[in-house]
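I opened this notebook to record what I looked up in one structure. The entries follow the order in which I consulted the model.

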Amino acid sequence: MFEWMFTPEGWLAFATLCFLEIVLGIDNLIFISILVQRVHEKVRKQARLIGLSLAMIFRLGLLLSLSWLMGLTEPLFEIFSKEISWRDIILLGGGLFLIAKSTLEIHHSLDIVSGDADKKPRATLGFVSALVQIIILDIVFSLDSVITAVGMTNDIPIMFAAIIVAVVVMMISSGTIYNIIQTYPTLKMLALSFLVLIGVVLVGEGSGLHIPKAYVYFAIAFSLSVEFLNIKLHSKLNKAKEQASQST
């Protein structure tokens, strides 16, 4: 079971898969971080950690049922000469849910800025309701993650170890990401836009259109880099204004 730990090839596969699992889990982590902002403050941390724990359980569960997972790609029926499988249905449904949910959150954020939220206060999201929404996206993201893992290596122990390490890393960093998103409203809007983009990619994948994930992650990384530069610039401008006001 642990033979891979004594070979360079095993460690290379493990390191590569860990990196990919963390990257593939970022969208899930962003979704959870934004969703739990509407949960009662007392249970936000629990909701965030339970959501990530469920993501790990789903991924490990799918690995234990690889034959069933592969069966998800078997055609169920055809629409306009396009074969539709359970995987396509899951990706389509998950993508549409992510687009709808992210769009509603964007509208809510814009209402807060315009002051409309004061007229119609939004109810706090229930703990169970938040978990149900997290579970829906966990299933979709876990499917994507495990299919990637299966394509990388045939060694089940390496897949298990990489998934566990990736989720633990996300759990450790989830609090920091949550605080950053909560502190900077523009980052939250950018994150919601990413989720809409990822939802479109999932719908495309479910429709048979292959969209290389490298393009998506490059766009996200580039946009985040520009946004961090903007935040740094605004911070320096605010300090300069404060110093100027103090000197006068």
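**Entries on a predicted model**

I began with glutamate 205, which I located in helix 8. The model I consulted is a predicted one. Leaving aside neighbours within four places in sequence, I listed its contacts as Arg87, Asp88, Leu91, His210, Ile211 and Lys213.

Next I turned to the largest nonpolar core, for which I noted 50 residues. The residues with the most contacts inside this core are Phe31, Ile34, Leu98, Leu195, Ile198 and Leu202. I recorded the helices that each supply at least two residues of this core, among them helix 1 (8-35), helix 4 (86-114), helix 8 (185-206) and helix 9 (213-247). Helix 1 provides the largest share, 10 residues.

Not counting residues up to four places away in sequence, leucine 195 touches Asp27, Ile30, Phe31, Ile34, Leu98 and Ser102.

My last entry concerns the surface. I found a nonpolar patch formed by Leu76, Phe77, Ile79, Phe80, Trp86 and Ile89, with about 640 Å² of accessible area together. Strand 1 (75-79) and helix 4 are the elements that give two or more residues to this patch; strand 1 gives the most, with three residues. I checked phenylalanine 77, which lies in strand 1. With a relative accessible area of 38%, phenylalanine 77 is partly exposed.

Definitions and conventions. Residues numbered from 1 in each chain as written. Predicted model: local features only at pLDDT ≥ 70, side-chain atom pairs only at ≥ 80, totals over all residues. Heavy atoms only, no water. Core = buried A, V, L, I, M, F, W, Y, C linked by side-chain atoms within 4.5 Å. Buried < 20%, exposed > 50% of the residue type's maximum accessible area, 1.4 Å probe, protein only. Helix = DSSP H or I, 4+ residues; strand = E, 2+ residues; numbered from the N terminus. Contact = heavy atoms within 4.5 Å. Patch = residues over 30% accessible without salt bridge, like charges linked within 9 Å, V, L, I, M, F, W, Y side chains within 5 Å. Areas by Shrake-Rupley, 256 points an atom, 1.4 Å probe, with all protein chains shown as cover. Salt bridge = Lys/Arg side-chain N within 4 Å of Asp/Glu carboxyl O.
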